[in-house]
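Please open the model in your viewer and keep the selection panel at hand. We shall go from one stop to the next, and at each one you will be told what to select and what to look for there.

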Amino acid sequence: MKGAPPVPHKRGWRGFCFPVISLVLLSLLVPLFFLVNQSGYSVETESPDAELNRFDLDEQTEISNLSEKEQRDQSRRVDDLMRRLEPSISKEVIESIAKEAATRTSQSTLATSTQLKDTTVESISVPVPPSADTLKSINEYPKRHDASVAESTPDVSGAAVDETEASCQLEFGSYCLWRDEHKERMQDSKVKQLKNQLFVARAYYPSVAKLPTQDKLSREMKMNIQEYERMLSETTTDSDLPLHVEEKMQKMDAVISKAKEHVACTSNVDKKFRQLLDLTEDEAHFHMKQSAFLYQLGVDTVPKTLHCLSMRLTVEYFRSHSAGEEDDKHEDPTYQHYVIFSNHILAASVVINSTVMHSEETVNQVFHVVTDGQNYFAMKLWFFRHKYKNAVIDVLNIDDLNLKHMEGSVSHPLVHDEFRVSIRSADNPVAIQTRTEYISVFGSTHFFLPKIFPNLKRVVVLGDDIVVKRDLSPLWSLDMEGKVNGAVEYCRVRLGQLRSYLGQNILDSNSCAWMSGLNVIDLERWRESNLTETYWRHLKQQQGEDKDLKSAGTLPANLLAFQNRIYALDNSWALSGLGYNYWVDTELIKKAAVLHYNGNMKPWLDLGINQYRGYWLEFLTREDQFMDDCYVRLDGKISSSAAT
């Protein structure tokens, strides 16, 4: 034997080694391949961005199983949803808006809480005032100076109001009218259209990218999306857009239309659009409230120029010690005494100037301007520097009169109170019929008239937001038939319609509300009927029901205290609404003796209604050095002699 034969079992082990290793590797690769497909990734096509590609294998199966009819139904559903969408906003924008809103709200509330009065009745069907904590929120601020009251009574006007306009009036009042009047052309309307197209393309792109037969469409969509992102990153207004943007928009529209034809499953697209709709509605409502907040802030804040005028006059008063001399006419009941409660120098000046300019005789006229301590010295110097024919001007400081409020009452503003009253009809529950009216009544300070003027028998109370266009002397010979207050009635609001607000103290449900602005007051009858105590009693009852009611209680207290004590003046004596109504009849303006700018849009504010501001500016003192120094605006322009 030349050698030992080879061992058979060793040769068998080597033959089975490679097949076993191959089986092991295959067993590892098959599950890995399955997991990769389950994750939605493909080896043959380019992987989309992580933000746009989050669809699984079940959605692809659902796409292939849907019928053509179901595809059309879902596409139509998405199209209907798209028509409701506003310009798209990103998640980062929403987060920044929320942070800015929280910051601005806290800062604005702290800055203005000491200047603003609380006259809110928040509820519509059941008038319940908000709490003090609620009033600190920007969501409630636009309603703070309005008392919204509703009653299930027929609408005397009978006019149906659009639901959107009615809800806006209920929540934001005259701001809605001002917003519609001052709409400006959008500077970024085309930019918003581009953002809309970009969002739609982003919504459809993941589904298109999953279709193996639409590689060309997928690449085209991706290129358009990237181009839009680059273009919008460098653009804020329409003027910044490139020249051929219209062609790009048409190209994107064509791509989106193709995507809608091929995409069958729209569940994720629908979900994304619903999220966008919620975010956009929240953003729109936030901006609405923010705009209304700034509008109301502009109403309540004294303009810088007018504040400057008051301060400069105050400094000059103490520098020159020009206070004037007392006149014996101040307490003489044989003269015609006009009373103006005001803390606004120019407003009080316009009232007095317009009155004396239309009076046949001014030698027997005495104007008592009741103001606060902050504006007292400025008022004294202003009326010492300016003469109003032969009329006598008496400036009183309310803080020096030692007037004591009743126990438990609160400090009330000097001027009259204004309320927004919204009445909803119950005749037609389907169509919302709501009308909003504005009522101005006496502030609590007005009820100290008998104590302020103990020697006078009759006075005419003028609001500081009126313009006189006719001689008022006939009011002094007026027979008031034993009534206390001669006022123009406002029969569009009756006491019966406010029963849920006034309680069960109404003597006559058909009695009309009355308006301040022009009021003839019989002080003798006032003292005999003890009307001041009656008012404080009603006010205490309102405050006793809810301590947060505060100044809002002056409306029911006024209406209840003057029940059966109102002498109705002819409607031609006073015309109200020039501070909130854009549609006052010009013929009524010509016939009215007094124009009343009740409402938020006072003529001395930039928010004032332009077509009525001329009546007020006609009687404004224009030549005054302090007005020039403070850049007081006249007719929308800075005074001609103001220094640069």
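Begin with helix H10 (residues 245-262), and select Val245, Met249, Met252, Val255, Ile256 and Ala259, which are buried; buried means under 20% relative accessible area, exposed means over 50%, and partly exposed lies in between, with a 1.4 Å probe and protein chains only. Helices (H or I, at least four residues) and strands (E, at least two) are DSSP runs, numbered from the N terminus. Before going further, note that this is a predicted model, in which local features need pLDDT of at least 70 and side-chain atom pairs count only at pLDDT 80 or more, while totals for chains, interfaces and linings use all residues. Residues are numbered from 1 along each chain as its sequence is written, and side-chain values use heavy atoms, with hydrogens and water left out.

Now turn the view so that you look down the axis of H10: its buried residues fall within an arc of 125 degrees, so they line one face of the helix, the arc being that of the directions from the helix axis to the C-beta atoms. On the other side of H10, select Glu247, Gln250 and Glu261, which are exposed. What covers the buried face? Helix H8 (189-209) and H9 are among the parts that cover the buried residues of H10.

Next, select glutamate 227 and lysine 248, which form a salt bridge whose closest N and O atoms are 2.4 Å apart. A salt bridge here is a side-chain nitrogen of Lys or Arg within 4 Å of a carboxyl oxygen of Asp or Glu, and by this rule the count comes to 12. Glutamate 227 lies in helix H9 (residues 215-233) and lysine 248 in H10, so the pair ties together parts that are 21 residues apart in sequence. Glutamate 227 is partly exposed at 23% relative accessibility, and lysine 248 is partly exposed with a relative accessible area of 23%.

While H9 is in view, select serine 218, which is found in this helix and is buried, with a relative accessible area of 12%. Which residues does serine 218 touch, leaving aside its neighbours within four places in sequence? It is in contact (heavy atoms within 4.5 Å) with Tyr205, Val208 and Ala209.

The side chains of lysine 602 and glutamate 418 meet in a salt bridge at 3.0 Å, N to O; lysine 602 lies in the loop between strand E14 (594-596) and helix H21 (610-617), and glutamate 418 in strand E4 (residues 417-424), so the pair ties together parts that are 184 residues apart in sequence. Lysine 602 counts as buried at 12% relative accessibility, and glutamate 418 is buried at 15%. Aspartate 465 and lysine 602 also meet in a salt bridge, at 2.7 Å, N to O. Aspartate 465 lies in the loop between strand E6 (458-462) and strand E7 (466-468), so this second pair ties together parts that are 137 residues apart in sequence.

From here, select the open sheet of three strands with the order E7-E14-E13 and mixed pairing, where two strands pair if DSSP finds at least two bridges between them. E7 and strand E13 (574-575) stand at the edges, each with a single partner strand, so one side of each is left without a neighbour in the sheet. Three bridges join E7 to E14, which run antiparallel, and isoleucine 466 stands opposite histidine 596 in E14.

Then look at tyrosine 631, in the loop between helix H22 (625-629) and strand E15 (633-634), which has a positive phi of about 55 degrees although it is not a glycine. Most residues other than glycine have a negative phi.

Finally, colour the model by pLDDT, the predictor's confidence in each residue, from 0 to 100. The mean is 75, and 67% of the residues reach 70 or more. Over residues 406-411 the pLDDT is below 50, and beyond near neighbours in sequence this stretch has eight contacts in the model. Where pLDDT is low, the predicted coordinates should not be read in detail.
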